[in-house]
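Hi,

Here is the structure I said I would pass on. Have a look, and my notes follow below.

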Amino acid sequence: MIGPQQVSSFHAVILVLVSVTPTSWVCEGFKVAAPEFADPLKNISVSTGSNIELFCNVRHLGANRIMWMRKEDNKQALLAINALVITNNPRITVSL
């Protein structure tokens, strides 16, 4: 979950990335499932200045990481990796 946060622009987009992996692989003799989103992803629009909480549930995450990114116009900014917040924006929080 990331939030609550204020969206500075109506057109801001938060991207959720999970490492791209094959559908499954074998590790030390065990078949391991690839990560997948547990819930369908939804588009959410809010007005400027509104707070929003975003949720991300991933099955079979394993050693992969969840990255939260913000995309606005032609710019992308990394906000967080797993529970580690990268941005200096105090409005961004992550909880597991």
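Accessible areas come from the Shrake-Rupley method with a 1.4 Å probe, and for residues only the protein chains shown count as cover.

Keep in mind that this is a predicted model: local features need pLDDT of at least 70, side-chain atom pairs count only at pLDDT 80 or more, and totals for chains, interfaces and linings use all residues. Residues are numbered from 1 along each chain as its sequence is written, and side-chain values use heavy atoms, with hydrogens and water left out.

The protein chain has 0 helices and 10 strands (DSSP runs numbered from the N terminus: H or I of at least four residues for helices, E of at least two for strands). Of its 96 residues, 24% are buried, meaning under 20% relative accessible area; exposed is over 50%, and partly exposed lies in between.

L78 sits in strand 9 and is partly exposed, at 31% relative accessible area.

The chain exposes about 6,800 Å² in total, and carbon and sulfur atoms supply 54% of that.

Cheers

Definitions and conventions. Buried < 20%, exposed > 50% of the residue type's maximum accessible area, 1.4 Å probe, protein only.
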